[in-house]
Amino acid sequence: MTEKAILCIDDERIILDSLKSQISREFEGDFTIEVAESADEGMEVIEEMVEDGVRVLIIVSDWLMPGMKGDEFLIGVHQRFPEIVKVMLTGQADEKALERAFKEANLYKVIKKPWEKDELIGVIKSGLEITS
């Protein structure tokens, strides 16, 4: 059976810890939960997992990060790995960036910060349904 993963990307460690904790509690080891603190690190993690035969199902990415914005990152991911479901978690994305991500990255959903755990888990569950 192929190992499956969910990847969370945010430049704030406290956000990543919270996301990983909430997602891990809900899915109880059904998935590997990986985190990255930048878009570059996120791409490295995806490449390593794919190389190791891990199927990355969902990415939950922040928009406002140093170096590369979330929409640019998700577009890059979509060009290389179109099957991954992409979710943006943000408190600050502008409308043009969101429109671009929906159009060019096949963005699945946007979750506003601060998020509600039930909304996060609901979006992940519905996103998982389209990955099977």
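Predicted model: local features only at pLDDT ≥ 70, side-chain atom pairs only at ≥ 80, totals over all residues.
Visitor: With which residue does R13 form a salt bridge?

Guide: A salt bridge requires a side-chain nitrogen of Lys or Arg within 4 Å of a carboxyl oxygen of Asp or Glu. R13 meets this condition with E37, their closest N and O atoms being 2.9 Å apart. The pair links distant parts of the chain, since R13 belongs to helix α1 and E37 to the loop between β2 and α2, 24 residues apart. E37 is partly exposed, at a relative accessible area of 33%.

Visitor: How many salt bridges does a search of the whole structure find?

Guide: The search finds eight. One of them joins K113 to D62, with the closest N and O atoms 3.2 Å apart. K113 is in the loop between β5 and α5, while D62 is in strand β3, so this pair ties together parts that are 51 residues apart in sequence. The two partners may also be read by their accessibility: K113 is partly exposed at 21%, whereas D62 is buried at 4%.

Visitor: Where do R100 and E104 lie?

Guide: Both are in helix α4, four residues apart, which is about one turn of the helix. R100 is partly exposed, with a relative accessible area of 34%, and E104 is partly exposed at 38%. Salt bridges can also share partners, and in this way D10, D62 and K113 are joined into one network.

Visitor: Which residues gather in the patch of negative charge on the surface?

Guide: Asp and Glu count as negative. The patch consists of E3, D40, E41, E44, E48, E51 and D52. As an example, E44 is in helix α2, which covers residues 39-51. E44 is partly exposed, with a relative accessible area of 45%.

Visitor: Is V60 buried or exposed?

Guide: V60 has 1% relative accessibility, so V60 counts as buried. This residue is part of strand β3, residues 55-62. The C-alpha atoms of V60 and V87 are separated by 4.7 Å, although the two residues are 27 apart along the chain.

Visitor: Which residues have a positive phi although they are not glycine?

Guide: The general idea is that most residues other than glycine have a negative phi. Here, E28 has a positive phi of about 35°, and N106 has one of about 50°. E28 is in the loop between α1 and β2, and N106 is in the loop between α4 and β5. E28 is exposed, with a relative accessible area of 67%, whereas N106 is partly exposed at 46%.

Visitor: What is the omega of the peptide bond from K113 to P114?

Guide: In general, most peptide bonds are trans. The bond from K113 to P114 is cis, with omega near -10°. P114 is found in the loop between β5, residues 109-112, and α5, residues 117-129.

Methods: Residues numbered from 1 in each chain as written. Heavy atoms only, no water. Patch = residues over 30% accessible without salt bridge, like charges linked within 9 Å, V, L, I, M, F, W, Y side chains within 5 Å. Areas by Shrake-Rupley, 256 points an atom, 1.4 Å probe, with all protein chains shown as cover. Charge placed at Lys NZ, Arg CZ, Asp CG, Glu CD. Helix = DSSP H or I, 4+ residues; strand = E, 2+ residues; numbered from the N terminus. Buried < 20%, exposed > 50% of the residue type's maximum accessible area, 1.4 Å probe, protein only.
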